[in-house]
Amino acid sequence: MERIVVGADGSEASKDALRWAVDEARLRGAELVALHAWEPLLGAPDVGPASRIDLVELVTDAYEEALQLVTGIVEEVVGDDEAVEVSAVAVEGAAASALIDAARDASLLVVGSRGHGGFEGLLLGSVSQQVAGHSPCPVVIHRRPDAG
Ligand SMILES: Nc1ncnc2c1ncn2[C@@H]1O[C@H](COP(=O)(O)OP(=O)(O)OP(=O)(O)O)[C@@H](O)[C@H]1O
Ligand SMILES: [Mg+2]
């Protein structure tokens with residue numbers, strides 16, 4: 001079965017990209033994978049020297065949070081649409097490389113043109129730029145109609 005991978009970071013732009021991908025998956029009869037990449041200790045509190053147990057706990061919590069985030073996005077955007085098979089996955093690693101890896105088994109990779117990043121005026125975020133340059137399969141960069 002054909003597979004479409006969509007990058008989900010929780011931003012409205014990535015939800016719009018997922019909405020587009022759901023329609024495309026329906027047209028192609030493809031399965032859809034919504035992927036959220038997370039980096040375990042990014043944003044972790046500075047706890048000083050941490051024990052092994054603390055670190056395991058931080059990583060486990062971060063994984064659960066990442067999985068909840070992407071599951072929530074899929075529930076919100078796809079709802080109980082039974083016409084499309086969608087799975088939500090959380091992958092450890094930098095977003096662009098996780099998406100590029102996942103794209104090896106896919107026929108299409110979909111990302112929003114922007115994400116959560118704060119720099120106004122940029123047309124493309126760094127993740128969209130990297131996947132556009134390095135994806136092993138065709139890429140759709142979904143631009144929101146109302147994005148400046
Ligand atoms: N952690 C992530 N996991 C999965 N997909 C992601 C992740 N971060 C970004 N993406 C995908 O890439 C798209 C563009 O986001 P990107 O991060 O490139 O833009 P930005 O956040 O505006 O800028 P930057 O992160 O470079 O400051 C998002 O709409 C989403 O589809
Ligand atoms: Mg970003």
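Predicted model: local features only at pLDDT ≥ 70, side-chain atom pairs only at ≥ 80, totals over all residues.
Next I looked up the strand pair itself. S4 covers residues 108–112 and S5 covers residues 139–142. The two run parallel, and I find 4 bridges joining them. I then followed the chain from S4 to S5. It passes through helix H4, residues 126–134, and this β-α-β crossover is right-handed.

**Sheet order**

Which strands make up the sheet, and in what order? I read S3-S2-S1-S4-S5, an open sheet of 5 strands with parallel pairing. Why do S3 and S5 each have one side without a neighbour? S3 (86–92) and S5 stand at the edges and have a single partner strand each, so one side of each stays without a neighbour in the sheet. Neighbouring strands here are turned by 25 degrees against each other on average, direction ignored.

I moved on to S1, residues 3–7. S1 runs parallel to S4, and 3 bridges join the two. Within this pairing I noted isoleucine 4, which stands opposite leucine 108 in S4.

**Helices on the sheet**

I checked helix H1, residues 12–28, next. H1 lies across S1, S2 (31–38), S4 and S5. H1 runs at about 155 degrees to S4. Helix H3, residues 95–102, also packs on the sheet. I see H3 touching S1, S2, S3 and S4, and its direction makes about 155 degrees with that of S2.

**Ligand 1**

Which residues come nearest to ligand 1? I list Gly7, Arg114, Gly117, Ser126 and Val127, out of 19 residues around the ligand. I then asked which elements contribute to the shell. S2, H3, S4 and H4 each supply at least two of its residues.

I looked up polar backbone atoms beside the ligand:

- A backbone N or O atom of glycine 115 is 2.8 Å from an oxygen atom of ligand 1.
- A polar backbone atom of alanine 37 lies 3.0 Å from a nitrogen atom of ligand 1.
- For histidine 116, a polar backbone atom is 3.1 Å from an oxygen atom of the ligand.

Last, I checked burial. Ligand 1 exposes 620 Å² when taken alone, and the protein buries 87% of that.

Terms used: Residues numbered from 1 in each chain as written. Chains lettered and ligands numbered in written order. Heavy atoms only, no water. Pairing = 2+ DSSP bridges. Right-handed = clockwise from strand over helix to strand, strands pointing away. Axes fitted to C-alpha atoms, helices over the stretch in contact; angles between N-to-C directions. Contact = heavy atoms within 4.5 Å. Near = heavy atom within 4 Å. Polar contact = N/O pair within 3.5 Å; in protein donor to acceptor, adjacent residues only side chain to side chain. Areas by Shrake-Rupley, 256 points an atom, 1.4 Å probe, with all protein chains shown as cover.
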